[in-house]
Amino acid sequence: MQVELTVNGRPHTVEADPRETLLFVLRELLGMRGTKYGCGEGECGACTVILNGRSVASCLVPAGQAHGAEILTVEGMAKDLVGQHLLDTFVEYGAVQCGFCTPGFVISARGLLADNPTPTTKEIQQALAGNLCRCTGYTKIIEAVGAAAERAAGDRVRINDRKGGTLAAQSAGFARPESLDEALALLAQGGWRIVGGGTDVGVKFEHHMGDQRWLDLSGLDELGRIHEDDDTVVVGGGVSYTDLIQSAAVQQWARPLAQAARAVGAKQIQNMGTLAGNLVNASPAADAVPSLHVLDAVAVLRSARGERKVPVSELATGPGQTVTAPDEILTQVIIPKVRGDGSGNDSEITFFEKVGPRKAQTIAIASVALRGWLDAKHGRLTHLRVALGAVAPTVVLALRTAEHLMGGPLTEACILEAGEIAAQECRPIDDLRASAAYRRRLVRGLLVRGLWPYVAS
Amino acid sequence: MTSMVTPGIGDSAPRIDGVAKASGAHVYPSDFAMEGMLWLRVLRAGRPHARILSIDTRAAEQVPGVVRVFTAKDVPGTNRVGILFQDMPVLCKEQVRYEGDAVAVVAAESDEATYRARDLIKVEYEALPVVSDPRAAMRPDSPRVHENGNLVDELHFGRGDLATAFESADLIFENEYHTGRQAHAFLETEAGAAFYDDGGRLTVRVGGQYPQRDQTQIARAFGLSNEDVRVIMPMPGGAFGGKDEITVQCYLALVTLLTKRPCRIMLDRDESFLAGIKRHPFQMRYKTACTTEGKLVAAEVELIADTGAYASLGPAVLAFGTEHCLGPYYFPNLKIDSYCVYTNNSFSGAFRGFGAVETAVGIEQQMDMMARAVGMDSIRFRRLNGLQLGQPAALGNVLDTESTLNQVLAAAERGSIYSQREELVQLPPTQGRWRKRGVGMAAAWQGFGLGAGVPDYAIVQVALDESGRYHLRTGSVDIGQGNVTAFMQMAAHELGCHVDDIELVMGDTFLGPDSGSTNASRTVFVVGSAATRAARDLRKKILDAAAKKLQSESDRLTLTGNAVTVKANGRSLPLAELGPLLGQGNAHMPETEEVSPGIPHKVFGYGAQVALVEVDLLTGEVEVLKLHSVIDAGKAINRQGVEAQSEGGIVQGLGYTLLEDTMVENGVMVNPRLSTYILPTISDVPTDIETTILEYPEPEGPHGAKGIAEIVMTPTAAAILNALYAATGERFTRIPLTPERVLTALSDAG
């Protein structure tokens, strides 16, 4: 099909299979080879571009999903005031060595400065954790971004963040409908696979996207919204982790979800990946799912046949398996608002703790989400929910652990015992990343680590 | 950015390639495209050891867009490559020896077609027994990876009376160490293109480290003469030793040779992991002894390096590791037995550090143990035992230049971590309940250059053209470290011009001279010397020519910017009226008497590192909070460049210590992705890395410079491991040290 793109302010129309990656379109069809291939799975960040205002891994974006989008690549940085500062400081501060990762870093940094013109070192690290560099050791990259931020003070830092890529697309193997009904009708025909943020299917079907028919849900504005009423926060299935992190309603009523969203991948993946994707992929290690468990969230599944609600704790039946029917779309996640005991003497405590092989851009070896209310005066926890990730075929709601903790008071002995119980409540396996025995120890350790500040104080 | 002031030697000049790379304009090996190029894809064995019974490419060749599928029977010439000896087929004919062995190459009009066709090639195999453990591979009844057996090389050295020394020693420590099969994981995988150039030469434009050697390897594999083959090496997206050997060169050359069409290839990331070269895993047994006064008495070392299915530079790595395995210290009695062994694992070759990084894990932890046992500060213990002028090193070679170990140690001692180590490890009690901190240090030495008996030379040309522009021509490739910027600074210094006044011709066998390989921390030293001499030679020719034209004498003239001026009267002659002129410089690495090919070295760099680490006792996670590195650079030609090498080397060392290993189970790699092979991200590294650059000039180096690209990484692992011991009381002898290994050790220790 004819894919229309605006790249660095210039419109382009290319004849492309919409299932090709955006990276391929940029490099091979438009000849813009500043954007690099490094891994093909969104791990290294060498292919980072800004798509409708947000940095994404272009190796995971199907071209059809970028149809109508506004894209900023490294080739456009010299015409962009902030971009030019970044180019200057990367060179001046010695942040370029082999340079292959540099365009990706420049773009990620450009995305950061658009959102946050005065980032701290920590914020620079968070924003660039999705970009690997093998030469510099990162120190000079952090310095270069900091220096560019200083120079850019007063410049126009915003990027045109037109939400969208709003053009509908339709070809034999790729459809990007503009309404949910249209999407459900297509899905009812059978033969379509769903692509949302692309962060999972792009990896799973690397080089083979062309063998499948794809129904792209990213054009459905109604799935991208977060709204609230008196009793619930309703998160659309297409909401990204970045949307979750930025949402005031999520911050207030679903803090463990915001905490988990920050622990997902790194910036590019947070910008692309969707909450529905995290749920329906049903990876035992999915970061958002334990948090949804402790929030007692309910998933809304829609099909042309109608709508049904399934508690998140009943959605997954095994690794990669859910109760979702082939014609259903997970359209919403409903999170009830819980207000503790209402006495005003207690305060909500939440955490999402995770250990992976490294500190960022990492898949959990084990994770623990917790939400409850602490009456600090008596050291008692109430309304407590604890969920364990990556330690069983599906997320474990650790009921006995929660019960023990609520039996309190919250002392070192109590949390250590609770840790032992949690270790018994999970059913981990040995795999490439860790042994079952270590996973049990981790569950204990993460629970203790998360609760320790409340004991220690 | 162009600075108004001419950058001098020692300044932090911005690198010449910085702007092009940052802005996306630099054409990397994977970026080069021509009209009508074929796309290539390689079929790998996908099994560690098997006999090939048949290969059927018919179905693959029917795929629309496929031009041809090539197998071993299509290869003219020896079909063999290998730097030291040619044990590796370009395409396997009868046998595959590791998963990544190449069996066929698909050439097609589109990338998509190459994938489809590759899936349709039918190869019948008969499985052969697999040997994956190098110690097992040394046994006589082991399956043979190559006909002549699995022992690629062995080295044995000794002196003194070991038995008596150990008997009478006060303290003896014996440990076995295991290091990981680190992947280079350069951000740009192995990539390139091939085509016929205007002169009809088969041209391979590829990411590599030594154009002239690749030219020879390609020509030999296909029965061509070197003149028939041109190799161009643009600056690649990283190499670190992993592109020193042939990677994709021969697939490209084969297809263009046989189809007469241009072609291109870039390995997918998983293929790069599967097929690419790695660091040798080392199994090391160390037994060392000292007196209660802290004097080293004896050492017995066994090193086994797993080179996988092919030798590549394995014997050289083994030799280098053997030379360095006892550190820059004096042991009166010693015995070293080293082995380089074939297995059916992914093959290993050059990787930054080259045997010294690996053995430092052993010797520097032994030193830490002995220092603690005698109750002596680690730095004092090392100082007490450092090799003195005239003392024999491990191989019996006597150092004839003074070691700067003591100066390096003194700077480490004064540094911000070591001097405050007592305070830095303190944590407030609430945090300290589940966290422990420790400070550890390690020192190292690193010979630079290719070592005794291996020709190590460089030729560089600096020319002045008719228009008055300078051109520096070198075969030496800048693989990211900034060596070429340093050459340009040195040439500009001689010519009195700005770096921007010199054009660079780099890494082209047709246009530039042979400057040797970009490896062994050698290029700033030896190629830099050649560049300096070439520029001096040109300068002399320019002044002589100008003297004639100006009817003056050359010593009355000055050369600055773009003109020659008579000092006395200011009369000047633009350079455009003096060209063309050619300056040439040759340089050789200083050599010493050969003990075995490539060892020992004559010149060494010294370094020390101090790490502050924090361990999470609940999860086993380790965080390196601060790292101080001291290196003796001789003379930093580009200060920022040296710092950048230091920071990058430390982070590569940190990954080696805590994260990185290509895990191979019975010859099958289980983590060939960037999601499973774990590299450090920006959040995994200390933001507080401090580099202290000492400058004790090496008389034979340009401006006194020493090679530093490897010594920056060599002590990192041991410094972190020693810090972990200080934090936990546990000794970790196997890397990478995952949180699981840490937590298991801590739990087992109760």
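**Domain 1 of chain B and its surroundings**

Guide: The C-alpha centres of domain 1 of chain B and domain 2 of chain B lie 37 Å apart. The contact between them takes 18 residues from domain 1 of chain B and 20 residues from domain 2 of chain B, two residues being in contact if their C-beta atoms, placed from the backbone, lie within 7 Å. On the side of domain 1 of chain B that touches domain 2 of chain B, seven residues are nonpolar, five polar and six charged; Ala, Val, Leu, Ile, Met, Phe, Trp, Tyr, Cys and Pro count as nonpolar, Asp, Glu, Lys and Arg as charged, and the others, Gly among them, as polar.

This is a predicted model, in which local features need pLDDT of at least 70 and side-chain atom pairs count only at pLDDT 80 or more, while totals for chains, interfaces and linings use all residues. Residues are numbered from 1 along each chain as its sequence is written, and chains are lettered from A and ligands numbered from 1 in the order in which they are written.

The domain assignment of chain B gives domain 1 as 37-128 + 191-266, domain 2 as 282-396 + 404-451 + 595-748, and domain 3 as 457-588; such bounds come from an automatic or database domain assignment.

Arg68(B) belongs to strand β3 (residues 66-70) of chain B, strands being DSSP runs (E, at least two residues) numbered from the N terminus. Leaving aside neighbours within four places in sequence, Arg68(B) is in contact with Glu61(B), Ala107(B) and Thr259(B). Arg68(B) and Leu258(B) are 190 residues apart in sequence, yet 9.8 Å apart in space, C-alpha to C-alpha.

Terms used: Helices (H or I, at least four residues) and strands (E, at least two) are DSSP runs, numbered from the N terminus.
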